[in-house]
Amino acid sequence: MQQWRIPSDLADDALLVISELITNAVVHALPPASLCLSRQGGRAACAVRIEVTDAGPALLRHHGGSPRQPEESGRGSAIVAAVSARSGTTTYRSGTTRWAEIQ
């Protein structure tokens, strides 16, 4: 993002969204997960598109031990929506792409 001259506050937001989308793919989906970043707009534009693609939803698994506390998870989508200008999900036969645009 430094090479794209993305301002540091925008880069921080992008890293937060990347973390949330990757975590979602690792915890809730089948591997592999891939990350794609692209700069949006012309030279003066400062926007980053983030896409995380996985192989689709994993079957529910019980990991033993005590269940997660509600305060430990479940806010990723709300964080992505709050930080992003736009976000969404595209589903394919072979998987799912979750994306967000940060401006």
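Q: What makes the pairing of D54 and R98 a salt bridge?
A: The term calls for a side-chain nitrogen of Lys or Arg within 4 Å of a carboxyl oxygen of Asp or Glu. The side chains of D54 and R98 meet at 3.2 Å, N to O. That value is within 4 Å, so the pair counts as a salt bridge.

Q: Which parts of the chain does the pair of D54 and R98 tie together?
A: D54 lies in strand β2 and R98 in strand β4, so the pair ties together parts that are 44 residues apart in sequence. Strands (E, at least two residues) and helices (H or I, at least four) are DSSP runs, numbered from the N terminus.

Q: How do you know what kind of model this is, and which parts of it count?
A: This is a predicted model: local features need pLDDT of at least 70 and side-chain atom pairs count only at pLDDT 80 or more, while totals for chains, interfaces and linings use all residues. Residues are numbered from 1 along each chain as its sequence is written, and side-chain values use heavy atoms, with hydrogens and water left out.

Q: How do you know whether D54 is buried or exposed?
A: Buried means under 20% relative accessible area, exposed over 50%, and partly exposed in between (1.4 Å probe, protein chains only). D54 has 4%, so D54 is buried.

Q: What joins R49, E51, R86 and E101 into one network?
A: Salt bridges that share partners do. The whole structure holds four salt bridges.

Q: Which residues are in contact with E101, beyond its neighbours in sequence?
A: Leaving aside neighbours within four places, E101 is in contact with Q40, V48, R49, S84, A85 and R86. Contact means heavy atoms within 4.5 Å.

Q: How do you know that the length of helix α1 agrees with its number of residues?
A: The expected span is 1.5 Å times one less than the number of residues. Helix α1 (residues 8–28) has 21 residues and should span 30 Å; its end C-alpha atoms are 30 Å apart, which agrees.

Q: Which residues of α1 are buried, and what puts them on the same side?
A: L10, A11, A14, V17, I18, L21 and A25 are buried in α1. They cover an arc of only 125 degrees around the axis, so they sit on the same side of α1. The arc is that of the directions from the helix axis to the C-beta atoms. An α-helix has 3.6 residues a turn, so residues three or four places apart point the same way. On the other side of α1, S8, D9 and V26 are exposed.

Q: What do the buried residues of α1 pack against?
A: They pack against β1, β2, α2 (76–83) and β4. The chain as a whole follows the pattern α-β-β-α-β-β.

Q: What makes the nonpolar surface patch, and how is L35 classed?
A: W4, L35 and L37 make a patch of about 230 Å². Patch residues have over 30% relative accessible area and no salt bridge; like charges are joined within 9 Å, nonpolar side chains (Val, Leu, Ile, Met, Phe, Trp, Tyr) within 5 Å. L35 has 42% relative accessibility, so L35 counts as partly exposed and passes the 30% limit. L35 is found in strand β1 (residues 34–40).

Q: What makes R5 stand out in its backbone, and why is R5 called buried or exposed?
A: Phi of R5 is near 60 degrees, a positive value in a residue other than glycine. R5 has 73% relative accessibility, over the 50% limit, so R5 counts as exposed. R5 is placed in the segment before α1.

Q: What is the peptide bond from P31 to P32 called?
A: The bond is cis, with omega near 0 degrees. P32 is in the loop between α1 and β1.

Terms used
Accessible areas come from the Shrake-Rupley method with a 1.4 Å probe; for residues, only the protein chains shown count as cover.
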